Amino acid sequence: MRIAVLAGLVFAAPALAQTVETRAVPEGIAALVRADGIGSGWPTSDGTIALIRGDGRAFVLDGLDLRPLDRDPRPRPARPDMLPDGEETAGNDVRAAWLVAPTTRYGHGILGDAIEAGGLAVMRGDGEVVRLALGPDAVFEDRRARLGDLDGDGRDEIVVVVESSLTRGAALAVYGLADDRLVRRVATPPIGRAHRWLNPAVAADLDGDGRIEVAYVETPHIGGTLRLYEFGAAGLNPDGAVTGFSNHGIGSREQDMAAPLDWNADGVVDLALPDASRRSLRVMSFAGGIDTELARIEHDAPIATAVLAVGNAVVYGLADGTLVRAAP
């Protein structure tokens, strides 16, 4: 495969066998979701995908065919103290996690309103609920707490995207249970100024070295940078950065515009997410620590829904109501 190097980024010519299928969806596409719920909070490569049209009708996707559903499969807030647009997530030794203590003290509104979370709650395996409250100088600028075992100790760590300082902007923070308390284990450096945000993409072994990387897009609305941090004994360590991405539309509640999958079948997880304009889907490999673009799929309209993986294919919707399925 021909490879060229430009400004430190390795580009690979997209595979000629790449296939892109599209169909128009009457009434447009309001959302694509996993029909079996949010699960751990990180997008996964299995499970049934459901499409919700702009008129509220829900369908199960079979390829690009639509089969009607009798209900909207999206999970609904179940906790009286949840963030109004929050999502409860489930894990292993942590039964559930959700954001609490709605507050307007930040006033950024990047996710559609100016209400953010002032705290975090988790339900342990024994049913006991443990809570943490942030101080008056910070909020959780997110809709969910993502659960997963980042360090291989068999216990869930709680990754809360944006612990936003009212003066220094967003950081990615990792929380965990210690006895009967929730503690902040580690965080990335804050972006550096108020009203600067980041949106997570995935937690996976992206370079094939056996350790988990957490990937997010910093400032996805103003020249987004895809950043990788490796989770190890010393915490979160920088492990790469590539410019030219966006995994969020300003004011949208959709945060899942990124999908992990093995596009080139090399046994290492790749990452599919939009470019900075959201008019192209880029598939990136970080195998061996080298940033390689495996594919770039151009569109006339912006990507507007979640980007979801089914095996080594991705499905997503455009702002003009086009449903797309792309595969190598």
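**A friendly note on this predicted model**

1. Let us start with the aromatic rings: 2 aromatic pairs are counted here. Rings of Phe, Tyr and Trp (its six-membered ring) pair if their centres lie within 6.5 Å; planes under 30 degrees apart count as stacked, over 60 as edge-to-face and the rest as tilted. F140 and Y175 are edge-to-face, with 5.7 Å from centre to centre and 85° between the planes. This pair links distant parts of the chain, since F140 belongs to strand β11 and Y175 to strand β15, 35 residues apart. Strands here are DSSP runs (E, at least two residues), numbered from the N terminus.

2. Are F140 and Y175 buried or exposed? F140 is buried, with a relative accessible area of 0%, and Y175 is buried too, at 2%. Buried means under 20% relative accessible area, exposed over 50%, and partly exposed in between (1.4 Å probe, protein chains only).

3. The other pair is Y216 with Y229: the ring centres are 6.0 Å apart and the planes are at 10°, so the pair is stacked. Y216 sits in strand β18 and Y229 in strand β19, 13 residues apart. Both Y216 and Y229 are buried.

4. A word on the basis of these values: this is a predicted model, so local features need pLDDT of at least 70 and side-chain atom pairs count only at pLDDT 80 or more, while totals for chains, interfaces and linings use all residues. Residues are numbered from 1 along each chain as its sequence is written, and side-chain values use heavy atoms, with hydrogens and water left out.

5. Strands β18 and β19 belong to an open sheet of 4 strands in the order β17-β18-β19-β20, with antiparallel pairing. The edge strands, β17 (198-204) and β20 (235-243), each pair on one side only. Neighbouring strands of this sheet are turned by 25° against each other on average, direction ignored. For these angles, axes are lines fitted to C-alpha atoms (for helices over the stretch in contact), and angles run from 0 to 180 degrees between N-to-C directions.

6. How many bridges join β18 to β19? There are 6, between residues 213-218 and residues 225-232; two strands pair if DSSP finds at least two bridges between them. E213 has E230 in β19 as its bridge partner. β17 and β18 also pair in the antiparallel sense, over 6 bridges, and N199 stands opposite V217 in β18. Of the 7 residues of β17, 6 are buried.

7. Leaving aside neighbours within four places in sequence, L120 is in contact (heavy atoms within 4.5 Å) with residues including W98, F140, I158 and Y175.

8. E157 lies in strand β13 and counts as buried, at 1% relative accessibility. Its side chain makes a polar contact with the side chain of R185 (2.9 Å). A polar contact is a pair of N or O atoms within 3.5 Å; within protein, one must be able to donate a hydrogen and the other to accept it, and residues adjacent in sequence count only if both atoms are side-chain atoms.
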